[in-house]
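I am opening my notebook on this structure. Each entry says what I looked up and what I found.

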Number of protein chains: 2
Amino acid sequence: MTLRSFARYLPILDWGRQYDRTAFTGDIVAALIVTIMLIPQSLAYALLAGLPPEAGIYASIAPILLYAVFGTSRALAVGPVAVVSLMTAAAVGNIAATGTAGYAAAALTLALLSGLILLTLGLFRLGFIANFLSHPVIAGFITASGLLIAASQLRHLLGIQGEGNTLIEIATGLWPHLSEVNPVTLALGVSATAFLFWVRKGLKPLLRRAGLGPRMADLVAKTGPVLAIVVTTLLTWGLDLGAQGVAIVGEVPQSLPPLTLPSLRPELIRQLFVPALLISVIGFVESISVAQTLAAKKRQRINPDQELIGLGAANIGAAFTGGFPVTGGFSRSVVNYDAGAETPAAGAYTAAGLALAALFLTPLIHYLPKATLAATIIVAVLSLVDVSILRRAWGFSRADFAAVAVTILLTLTLGVEVGVTAGVATSVLVHLYKTSRPHIAVVGRVPGTEHFRNVRRHDVETQSHVLSLRVDESLYFPNARFLEDELMRYAADKPELSDVVLMFPAVNDIDLSALESLEAINTRLRDAGVRLHLSEVKGPVMDRLKRCHFLQELTGEVFLSQHAAICALERRAPAA
Amino acid sequence: MTLRSFARYLPILDWGRQYDRTAFTGDIVAALIVTIMLIPQSLAYALLAGLPPEAGIYASIAPILLYAVFGTSRALAVGPVAVVSLMTAAAVGNIAATGTAGYAAAALTLALLSGLILLTLGLFRLGFIANFLSHPVIAGFITASGLLIAASQLRHLLGIQGEGNTLIEIATGLWPHLSEVNPVTLALGVSATAFLFWVRKGLKPLLRRAGLGPRMADLVAKTGPVLAIVVTTLLTWGLDLGAQGVAIVGEVPQSLPPLTLPSLRPELIRQLFVPALLISVIGFVESISVAQTLAAKKRQRINPDQELIGLGAANIGAAFTGGFPVTGGFSRSVVNYDAGAETPAAGAYTAAGLALAALFLTPLIHYLPKATLAATIIVAVLSLVDVSILRRAWGFSRADFAAVAVTILLTLTLGVEVGVTAGVATSVLVHLYKTSRPHIAVVGRVPGTEHFRNVRRHDVETQSHVLSLRVDESLYFPNARFLEDELMRYAADKPELSDVVLMFPAVNDIDLSALESLEAINTRLRDAGVRLHLSEVKGPVMDRLKRCHFLQELTGEVFLSQHAAICALERRAPAA
């Protein structure tokens with residue numbers, strides 16, 4: 001491998017060469033703001049993933065650095081995100097109980113598998129598989145996950161037990177404990193939630209009125225969660241609320257990310273492989289959408305295959321430094337971008353900031369109430385919930401609606417893995433069903449033109465001895481026999497029939513099953529004394545037909561255009 | 001339900017009304033010949049399914065009668081067939097050991113489930129799902145099954161142990177017992193096989209030369225297996241070969257089909273449901289192909305949904321009369337047809353013949369060697385093996401080849417259920433992959449015409465400020481982003497660009513993901529000062545676009561034809 005081809009996998013060599021003081025200043029300011037925002041977010045998502053709080057910070061350090069080296073987005077901030085943390089909790093929760101050593105170890109293996117999958121997809125340029133997650137499925141999945149996450153945090157707001165991976169599990173888990181609600185925790189949690197909602201909606205206008213510029217007001221408002229954390233931590237410490245049953249974060253080790261070795265037990269890998277694949281694809285889709293949105297604003301380009309490599313490296317990094325699966329997060333990336341990050345170096349400075357926090361600030365969060373973290377999560381994820389996709393999809397097509405509805409319903413009731421898999425399966429099945437009964441139109445000539453349109457939609461000319469059918473679908477196995485049946489049905493209605501023209505402008509591909517149906521049609525029409533012609537056959541389809549005997553056996557001709565076909569057949573018309 | 005709508009489900013009311021003496025004579029002669037042929041075949045397929053020989057005869061009685069009432073084919077003969085018997089052995093073998101009561105009971109439940117599935121598919125008119133088995137997958141599956149079946153019978157020819165559901169299992173099962181080969185069994189088995197091959201190839205010409213008509217010679221040749229059975233049975237009885245280790249059929253109860261009640265244990269149903277579904281679909285596809293081939297010869301019509309009901313009833317019948325899953329068989333149906341069967345009544349007479357055989361002939365087969373039955377099976381199934389499908393598919397398209405190759409390979413190595421499922425999955429995945437990177441052509445006008453063709457295949461006129469792209473695929477989630485990327489790539493190569501026309505004659509459908517991509521394209525082109533137009537949009541696609549805001553936001557126009565688009569844009573051309 002030459003140095004040059006190697007450099008393809010290291011975008012850092014590209015931007016690193018032109019790094020200057022302006023870029024440095026932009027990056028360092030962005031890093032400071034993002035660091036402040038990331039501390040509560042990282043703690044909260046660790047809690048959501050069922051891991052100790054420090055795991056969230058660890059998962060934000062090595063991954064950011066590795067993404068800075070291998071990633072192509074200049075503003076993407078990689079670390080724990082809500083949906084992936086939820087999926088981690090669901091996957092790992094099937095293997096070990098929360099809080100056990102096995103749980104944390106499984107999270108490492110999950111991150112490693114996810115990293116290796118992403119890396120493999122990237123090296124083999126398989127980024128297109130993310131396209132199989134249709135927009136309605138993603139939108140439905142994100143909305144349902146947001147609801148699930150918010151529901152899963154209720155127990156921290158109420159100060160009771162009750163875990164679960166589905167709405168039903170969560171509800172039945174909370175129910176028997178409702179009498180044990182801790183009023184102090186509830187007051188704290190509800191206040192924090194209300195405060196954070198107000199920060200989202202009300203703080204920015206207030207800051208603007210206080211004279212701050214729009215961008216600055218926005219950034220300060222984004223650090224609101226830090227304020228909530230500081231105030232509730234001080235309250236809990238000052239009033240000793242821990243003694244009144246308020247669950248606190250407690251002891252957090254003061255250390256840089258540890259070196260961890262993920263277990264490679266075959267049994268564990270077997271159990272985690274499918275969840276890791278789903279996490280990889282979902283994480284990649286989320287990350288690439290954010291990266292492309294931000295890149296478009298500055299007319300930069302994102303290379304999806306290189307992004308897979310960047311995210312793969314980040315996850316492998318997380319696996320070896322006490323983290324859990326990560327991806328490019330929406331809120332942190334937007335803040336990074338808005339704060340003026342110029343290059344991926346901003347990510348490196350953020351990593352340094354978080355490393356300092358891990359070393360020196362962890363004792364300060366000893367008294368941080370878990371209810372505050374839950375409030376942070378709830379407020380963050382409820383902004384992801386957007387049920388309008390249901391209405392949009394319903395208005396556009398029943399097929400898209402089916403995919404969204406299945407995704408939302410099954411994610412809520414049977415969990416994230418079933419939900420997203422069923423959503424993809426529904427999209428595919430609906431597509432197969434639709435193409436299995438293609439639109440087949442009898443066409444005629446628009447008078448005075450060379451255009452042929454559906455006789456039922458347009459006022460067109462037809463001949464009694466010619467049947468022209470336009471097939472509006474590629475011909476392949478699910479619809480091969482359908483064409484046979486439909487054509488024979490139409491032909492049976494035309495007693496004077498001598499010629500059938502199949503118009504193929506919309507036939508983009510023909511497979512072996514369809515070829516055999518065409519052969520059968522040709523034979524059956526021949527036996528009935530009717531010739532079969534084709535028109536407007538596309539180049540790739542013609543190439544394929546030339547590879548077999550069909551064209552030699554065809555009783556009629558292949559015309560370049562339907563117009564040419566009708567002209568030729570009119571000349572040959574039987575005398576009236 | 002009125003009597004008339006009920007009659008729809010009873011084709012017997014149709015042909016039964018016109019039944020006369022000519023039809024009766026034809027039917028009774030056909031029944032006699034088919035009965036003689038069916039006795040060895042039924043015994044053999046019971047052996048293949050791992051069941052006692054009488055099960056094969058029972059499975060040919062009630063099913064034939066029920067199909068005669070509910071089926072639409074006039075010549076189809078329903079009963080045990082090779083592939084379905086193999087699938088039965090594979091499915092039931094996972095649950096109980098061959099020869100146990102549990103094994104026979106599971107076969108009954110499998111037949112019941114299969115019958116209920118077929119009936120449900122028929123009542124809900126879901127016969128089209130059989131189309132998802134593409135021709136290459138069926139061809140590959142039948143070929144691989146034929147090889148598997150032949151291999152599975154080797155142990156009976158050799159007189160040793162060694163069972164298995166895959167080639168590997170069979171080979172490793174036979175290997176350690178090779179030293180125990182019974183020479184008498186081997187001699188008997190090889191002679192029977194050689195004789196039956198000769199009957200297939202050499203007997204008919206001999207009979208012709210002896211003065212028989214072609215049809216008669218054919219029919220007599222088809223009864224060859226009976227001769228093999230008679231001779232080897234007499235030999236075994238006369239020379240007491242059983243004492244020399246030749247495995248014989250042994251005691252067979254002399255009785256009409258018993259009334260059996262299939263078990264409905266939920267656990268059993270759960271284990272057998274997927275195999276039953278596969279058996280139903282494979283059996284249906286095999287049966288309908290035979291029925292359609294025979295019906296086409298007499299210009300009769302087969303109703304696929306009613307066929308499902310007929311086969312469903314037949315399988316339910318098998319479940320309650322000591323049988324196992326059945327379907328319309330190729331060889332027995334062809335014999336029935338050739339022997340002159342006029343109506344499904346021939347089936348009823350065959351059933352009566354078999355009932356008499358079950359009552360009176362079973363003692364005669366006590367000394368029938370299993371090796372003879374194995375020889376019957378081997379000779380029958382090797383005619384199913386046709387590896388030329390591999391060459392045909394390779395020549396036509398790599399996608400079809402992949403589906404055949406996967407089906408054959410996995411059926412042989414991992415068994416029938418994995419094989420056929422993987423074949424269908426491969427067909428679907430290959431289709432999704434192909435449509436995820438559609439053919440997109442830059443088009444220009446063929447001089448002097450209104451036709452637009454690919455600039456790389458035809459000598460056409462283009463304009464420097466207009467980019468016309470023909471999209472050769474429906475736009476849906478797997479290719480939505482691909483279009484976005486390709487269009488931007490082409491647009492970047494045209495500095496003078498002011499208008500992009502997307503030509504949609506081959507776009508048969510648009511889903512929500514593709515709509516969002518079109519919206520993104522429109523916005524991005526607008527920002528670059530380029531208008532986006534559409535041309536030749538099909539009716540159904542236009543209807544869909546009208547349901548959302550896209551057409552209002554479109555910067556350009558929608559033209560009826562590409563010709564109209566270019567005429568309009570030429571007029572507006574910027575001054576050179």
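I began with two strands of chain A, β5 (residues 466-471) and β6 (residues 499-503), which pair in the parallel sense over five bridges. Strands are DSSP runs of E of at least two residues and helices are runs of H or I of at least four, numbered from the N terminus. Two strands pair if DSSP finds at least two bridges between them. Val466(A) stands opposite Asp499(A) in β6(A).

I noted the ground rules next. This is a predicted model, where local features need pLDDT of at least 70 and side-chain atom pairs count only at pLDDT 80 or more, while totals for chains, interfaces and linings use all residues. Residues are numbered from 1 along each chain as its sequence is written, chains are lettered from A and ligands numbered from 1 in the order in which they are written, and side-chain values use heavy atoms, leaving out hydrogens and water.

**Entry: the sheet**

I traced an open sheet of six strands in chain A, with the order β4-β3-β5-β6-β7-β8 and mixed pairing. Its edge strands are β4 (452-454) and β8 (558-559) of chain A, and each pairs on one side only. I then found helix α22 (residues 512-527) of chain A packing on the sheet, where it touches β6 and β7 (531-535) of chain A. The direction of α22 makes about 140° with that of β7(A). Axes here are lines fitted to C-alpha atoms, for helices over the stretch in contact, and angles run from 0 to 180 degrees between N-to-C directions. Contact means heavy atoms within 4.5 Å. Helix α25 (residues 562-571) of chain A lies across β3 (440-445), β4, β5, β6, β7 and β8 of chain A. It runs at about 175° to β6(A).

**Entry: inside β6(A)**

Is β6(A) enclosed or open? Five of its five residues are buried, so β6(A) is largely enclosed by the rest of the structure. (Buried is under 20% relative accessible area, exposed over 50%, partly exposed in between, with a 1.4 Å probe and protein chains only.) I checked which way the residues point. Asp499(A), Val501(A) and Met503(A) point one way, and Val500(A) and Leu502(A) the other. In a regular strand the side chains alternate between the two faces of the sheet.

**Entry: aromatic pairs**

I looked for rings of Phe, Tyr and Trp (its six-membered ring) with centres within 6.5 Å; planes under 30 degrees apart are stacked, over 60 edge-to-face, the rest tilted. The count is eight aromatic pairs over all chains. In one of them, Trp394(B) and Phe401(B) have ring centres 4.8 Å apart and planes at 80°, so the pair is edge-to-face. Trp394(B) is partly exposed at 43% relative accessible area, and Phe401(B) is partly exposed at 23%. Tyr476(B) and Phe477(B) also pair edge-to-face, at 5.3 Å centre to centre and 70° between the planes. Tyr476(B) is buried at 5%, and Phe477(B) is buried at 5%.

**Entry: the two chains**

How does chain B superpose on chain A? A rotation of 179° with 0.0 Å of shift along its axis does it, with RMSD 0.1 Å.

Conventions
Copies are superposed by least squares on the C-alpha atoms of residues with pLDDT of at least 70 in both.
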